[in-house]
Amino acid sequence: MIARAIPKTGPRRCRLLYVENHADSVALVETLLAGRKDLLLLHAADANVGIELARTRRPEAILINVDLAGMSALEFMQVLRADPATEATPILALGANTAPEVIVKVLEAGFFQYLTKPLRAEPFMEALAFALEFAAVERSEQNTLMLRFGHPRTPFKESR
């Protein structure tokens, strides 16, 4: 019998999906996250690819440029909210408009937080930390429900 060394796996890395079509903006976020070994940055250049990555890779948080061409950030969010696999994923909006009424509109639409361009390190890192904490609580609650009652979408059946 031949023994094989089993590689040690470290703690699971959280995934952040960034939906952005500007390479400079992606490079900035990569730089901000470079020291975070607990994070894996996923990138999609458009909303359709972002939806596919969100469904297949199940990121803990999503950052989306609200000024993308094609599908709007609101439509993107609505698609993800309609999917049980992504319905609770916090989505951070990133936009250039700093008008208070725009920010209120974005937040009322259901985005987790609104960040303004140019992206500043401290507010971004704080918002990301809060989103990841929220995601961890959500996943923990889902796991508890699944262990106790089965799949959370399955109606509870009382045992006799």
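β4 and strand β5 (residues 113-116) run parallel to each other and pair over four bridges. The model is predicted.

**Exercise 1.** Identify the bridge partner of Ile 64 in β4, and describe the pairing of β3 with β4.

*Solution.* 
- Step 1. Strand β3 (residues 61-65) pairs with β4 in the parallel sense, over four bridges.
- Step 2. Ile 64 has Ala 93 as its bridge partner in β4.
- Step 3. The chain leaves β3, passes through helix α3 (residues 73-81) and reaches β4 in a right-handed β-α-β crossover.

**Exercise 2.** Decide whether the residues of β4 are buried or exposed, and sort them by the way they point.

*Solution.* 
- Step 1. Take β4, residues 91-95. Five of its five residues are buried.
- Step 2. Sort by direction. Ile 91, Ala 93 and Gly 95 point one way. Leu 92 and Leu 94 point the other way.
- Step 3. The residues on both sides of β4 are buried.

**Exercise 3.** Describe the largest pocket: its volume, its lining and the helices involved.

*Solution.* 
- Step 1. The volume of the largest pocket is about 260 Å³.
- Step 2. The lining has 14 residues, and the closest to the pocket centre are Val 66, Leu 74, Val 102, Lys 105 and Val 106.
- Step 3. The elements giving two or more residues to this lining are α3 and α4. The largest share, four residues, comes from α4.
- Step 4. Sort the lining by type: nine nonpolar, two polar and three charged.

**Exercise 4.** Work out which rings pair with Phe 112, and how each pair is classed.

*Solution.* 
- Step 1. The count of aromatic pairs comes to two.
- Step 2. Phe 112 and Phe 130 lie 5.2 Å apart centre to centre, with 40 degrees between the planes, and the pair is tilted. Phe 112 sits in the loop between α4 and β5, while Phe 130 is in helix α5 (residues 121-149), 18 residues apart.
- Step 3. The rings of Phe 112 and Phe 134 also have centres 5.2 Å apart, and their planes stand at 50 degrees, so this pair is tilted. Phe 134 is in helix α5, 22 residues from Phe 112.
- Step 4. Join the pairs. Phe 112, Phe 130 and Phe 134 form a cluster.
- Step 5. Phe 112 is partly exposed at 21% relative accessible area, Phe 130 at 48% and Phe 134 at 31%.

Definitions and conventions: Residues are numbered from 1 along each chain as its sequence is written. This is a predicted model: local features need pLDDT of at least 70, side-chain atom pairs count only at pLDDT 80 or more; totals for chains, interfaces and linings use all residues. Side-chain values use heavy atoms; hydrogens and water are left out. Buried means under 20% relative accessible area, exposed over 50%, partly exposed in between (1.4 Å probe, protein chains only). Two strands pair if DSSP finds at least two bridges between them. A crossover is right-handed if, with the strands pointing away from the viewer, the path from the first strand over the helix to the second runs clockwise. On a 1 Å grid over the protein atoms alone, a cavity is a set of points where a 1.4 Å probe fits but cannot get out, and a pocket is an open set with protein on both sides within 12 Å along at least five of seven lines; lining residues have an atom within 4 Å of a point. Grid points are joined across faces, edges and corners, and a volume is the space filled by probe spheres set on the points. Ala, Val, Leu, Ile, Met, Phe, Trp, Tyr, Cys and Pro count as nonpolar, Asp, Glu, Lys and Arg as charged, and the others, Gly among them, as polar. Rings of Phe, Tyr and Trp (its six-membered ring) pair if their centres lie within 6.5 Å; planes under 30 degrees apart count as stacked, over 60 as edge-to-face and the rest as tilted.
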